Amino acid sequence: MNSESGNDDKGNFFKNIQALWDSQLKDSKEKWYSLGDQYWKKIEPTLKGVLGGLDFLNKIDIEESNKLLTMLYKTPLQDLRVLDCGAGIGRVSKELLINWFKKVDIIEQNPIYVEKAREELGNKINEYYCSGLQSFEFQHKYDCIWIQWVASHLTDDDLIQFLKQCKLNLNEKGYIILKENITKQGFSYDTEDHSVIRSDLMFKSIFYKAGLDLKFSGLQPNFPKDLYLVNQYVLQ
Ligand SMILES: C[S@@+](CC[C@H](N)C(=O)[O-])C[C@H]1O[C@@H](n2cnc3c(N)ncnc32)[C@H](O)[C@@H]1O
């Protein structure tokens, strides 16, 4: 494998990510998103469900995210608005974002998760959007856009387009924060949940194409060594 190539969990090799998209999107792009959607509709709306059975990661993840927000925003609850993208059952909103931002909006494609978030968080969330990121139309501007463990579900083109929309809908001095699994080299396609784990290099190329400046990048510490590395990107 080199820095451009990848494979899937069935042993198939792809010489570059375009070869993956050529093979996966040949019928239709909708099929790609529908397969990912079907996967998540089968996963229980719990912490364990959205964290792939590893609910103990929640505390370590949130601790580090709190440090990141402290570095960026210094003090919580200024009059700022955040969007939690691919929010699942609202884990990040509940444990982190509502403590930091006056207004929190959620986008999540799975209606079962949106309902679960609504049950738990009620009017602590301003807007609940049930939509795929690839077809989302912004209705507000944001001071922070949080994209965690969902970018891997978007095709390269859609991720670039979505990030461009994020930039257009970001207030001055706002930040886009993308937290995601990364490979050490090349990419890895998970045929079960229809996601693509990209390398740091691939993310940087996507950010460049989306016209974003990378302000900070740092690995999530203290995760078990046998898991993918998780990187935190701060963009403007
Ligand atoms: C691994 S979970 C992470 C949930 C949440 N970000 C967290 O960290 O707890 C992935 C979530 O992304 C959602 N998702 C997958 N593809 C999506 C898409 N195209 N648009 C919006 N949400 C999507 C899934 O339904 C699921 O809730």
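Q: At what angle do helix 7 and helix 8 pack, and how far apart are their axes?

A: Start with the general idea: a pair of packed helices is described by the angle between the two axes plus the distance between those axes. In this predicted model, helix 7 (residues 156–168) and helix 8 (residues 200–209) pack at an angle of about 50°, and their axes lie 9 Å apart.

Q: Which word describes how helix 7 and helix 8 sit to each other?

A: Angles from 65 to 115 degrees count as roughly perpendicular and those under 35 as roughly parallel. Helix 7 and helix 8 are therefore oblique to each other.

Q: Is the crossing of helix 7 and helix 8 left-handed or right-handed?

A: Right-handed, for the crossing of helix 7 and helix 8.

Q: Okay, which residues make the contact?

A: Helix 7 brings in Asp 156, Leu 159, Ile 160, Leu 163 and Lys 164. From helix 8 you get Phe 203, Ile 206, Phe 207 and Lys 209. Sort the residues of this contact between helix 7 and helix 8 by type and there are 6 nonpolar and 3 charged, with no polar ones.

Q: Zooming out, how many helices and strands are there in the protein?

A: The protein has 8 helices and 11 strands.

Q: What does the radius of gyration say about the protein?

A: Compare it with the value for a compact globule: for 236 residues that would be near 18 Å, and the protein has 17 Å, so the two agree. The C-alpha trace spans about 50 × 35 × 35 Å along its principal axes.

Q: And what share of the residues is buried?

A: Buried residues make up 51% of the 236.

Notes
Residues are numbered from 1 along each chain as its sequence is written. This is a predicted model: local features need pLDDT of at least 70, side-chain atom pairs count only at pLDDT 80 or more; totals for chains, interfaces and linings use all residues. Side-chain values use heavy atoms; hydrogens and water are left out. Axes are lines fitted to C-alpha atoms, for helices over the stretch in contact, and angles run from 0 to 180 degrees between N-to-C directions. Helices (H or I, at least four residues) and strands (E, at least two) are DSSP runs, numbered from the N terminus. Angles under 35 degrees count as roughly parallel, over 145 as roughly antiparallel, 65 to 115 as roughly perpendicular and the rest as oblique. A crossing is left-handed if the near helix is turned anticlockwise from the far one by less than a right angle, and right-handed if clockwise. Contact means heavy atoms within 4.5 Å. Ala, Val, Leu, Ile, Met, Phe, Trp, Tyr, Cys and Pro count as nonpolar, Asp, Glu, Lys and Arg as charged, and the others, Gly among them, as polar. The radius of gyration is taken over C-alpha atoms; the globule rule is 2.2 Å times the number of residues to the power 0.38. Buried means under 20% relative accessible area, exposed over 50%, partly exposed in between (1.4 Å probe, protein chains only).
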